[in-house]
Every structure is written in structure tokens, then in C-alpha cells.
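Subject: Structure for you to look at

Hi,

Here is the structure I said I would pass on.

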Amino acid sequence: RNFHIFYQLCAVAFEPEYADLKLGPPTSFFYLNQSDTNIIDGISDYEELQATIHAMKTVGIDEQTQKSIFRLLAGILHLGNVTFSETQEGNARIQDRNAFGLAAHFFEVNPTVLEKEMTSKRITTG
């Protein structure tokens with residue numbers, strides 16, 4: 001397993017207050033499904049998220065900021081599901097428009113600008 005917060009968020013994916021993050025089980029995300037260890041015996045990711053939220057409150061992170069953090073984390077998970085193909089001209093093209101659209105939405109960036117940045121080459125010299 002990598003960063004536990006991702007698994008914690010997946011554990012509450014079907015809770016109404018987290019439904020807008022469009023998450024699912026860890027196996028549905030490329031960044032999380034590369035390992036056979038999605039579940040740790042004796043650990044409840046749901047309960048761990050509650051402890052994380054409590055810790056965030058304790059250090060003064062308000063609920064709105066917590067939601068912003070969770071949106072960014074959801075964006076990262078969705079961005080990991082974006083796949084690319086090559087055009088006839090040899091350029092990159094985004095294949096999975098749904099995952100890409102969700103990532104742009106959660107990052108609160110213009111999808112056209114994000115797509116350009118993710119599919120254009122940039123060579124810097126000097």
C-alpha cells in the first residue's frame with residue numbers, strides 16, 4: 001500500500017457526504033491497484049479516516065479546507081486513471097475522457113488548458 005489517505009477515502013466512497021468525489025474501491029484506481037495489499041488485517045480505513053479528520057480538526061483545519069484537501073486527493077486518484085494514446089502525427093492524446101474530466105474538475109482547472117499541458121512537448125534549452 002502507498003499513501004493511506006487514499007484508501008481511507010475509498011472506504012467512505014459510498015457515504016453521501018463523500019459521493020461527490022466519485023470514488024470507488026481501491027481496485028478501481030491505477031495508483032492503488034498495483035499492489036495486492038488493499039486491505040490490512042485489523043485496520044479499518046473507515047475508522048482511520050475518522051481519526052484523520054479528528055486530527056485535522058485538532059490542528060485547526062476547518063471543514064471547508066478538509067473538503068478541499070479531499071477534492072485534491074480525489075483529483076490525484078482520477079488523474080492516475082487517465083490513459084494516453086498516440087495520434088498519427090506522433091502526439092499524445094488523452095484516451096480516458098471521464099477520468100480526465102474528473103481530475104480537471106477536482107483540481108478546479110480549465111480542462112482545455114490541462115489537456116494542452118499534459119499532451120504538449122516542451123523543450124527548454126540554455
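**What I found**

Glu108 sits in the loop that joins helix H4 (97-107) to helix H5 (111-119). Helices (H or I, at least four residues) and strands (E, at least two) here are DSSP runs, numbered from the N terminus. Glu108 is not a glycine, yet its phi is positive, at about 55°.

Before I go on, a word on where this comes from: it is a predicted model, in which local features need pLDDT of at least 70 and side-chain atom pairs count only at pLDDT 80 or more, while totals for chains, interfaces and linings use all residues. Residues are numbered from 1 along each chain as its sequence is written, and side-chain values use heavy atoms, with hydrogens and water left out.

**The chain overall**

The protein chain has 5 helices and 2 strands. Reading from the N terminus, the order of the elements is α-α-α-β-β-α-α. Along the principal axes, the C-alpha atoms of the protein chain fill a box of roughly 50 × 35 × 35 Å.

**H4 with H5**

Back to the two helices on either side of Glu108. H4 and H5 pack with their axes 10 Å apart, at an angle of about 115°. (Axes are lines fitted to C-alpha atoms, for helices over the stretch in contact, and angles run from 0 to 180 degrees between N-to-C directions.) H4 and H5 are therefore roughly perpendicular to each other. On the scale used, angles under 35 degrees count as roughly parallel, over 145 as roughly antiparallel, 65 to 115 as roughly perpendicular and the rest as oblique.

The crossing of H4 and H5 is right-handed; a crossing gets that label if the near helix is turned clockwise from the far one by less than a right angle, and left-handed if anticlockwise. On the H4 side, Arg97, Phe100 and Ala104 meet Pro111, Leu114, Glu115 and Met118 of H5, where contact means heavy atoms within 4.5 Å. That contact of H4 with H5 divides into 5 nonpolar, no polar and 2 charged residues. (Ala, Val, Leu, Ile, Met, Phe, Trp, Tyr, Cys and Pro count as nonpolar, Asp, Glu, Lys and Arg as charged, and the others, Gly among them, as polar.)

**H3 and its partners**

H1 and H3 pack at about 100°, their axes 11 Å apart, and are therefore roughly perpendicular to each other. Ile5, Phe6, Leu9 and Cys10 in H1 meet Phe70, Leu73, Ile76 and Leu77 in H3. By class, this contact of H1 with H3 has 8 nonpolar, no polar and no charged residues.

Helix H2 (residues 45-58) and helix H3 (residues 63-80) have axes that come within 10 Å and cross at roughly 130°, so H2 and H3 are oblique to each other. Their crossing is right-handed. Leu49, Ile53, Met56 and Lys57 in H2 meet Gln66, Ile69 and Phe70 in H3. The classes in the contact of H2 with H3 are 5 nonpolar, 1 polar and 1 charged residues.

One more backbone note: Lys22, in the loop between helix H1 (4-11) and H2, has a positive phi of about 55° although it is not a glycine.

**The largest pocket**

The largest pocket holds about 300 Å³ of space. (On a 1 Å grid over the protein atoms alone, a pocket is an open set of points where a 1.4 Å probe fits, with protein on both sides within 12 Å along at least five of seven lines; lining residues have an atom within 4 Å of a point. Grid points are joined across faces, edges and corners, and a volume is the space filled by probe spheres set on the points.) Its lining has 14 residues, with Glu17, Tyr18, Glu63, Lys67 and Phe70 nearest the centre. H3 gives the largest share of that lining, 7 residues. By class, the lining has 4 nonpolar, 3 polar and 7 charged residues.

Cheers
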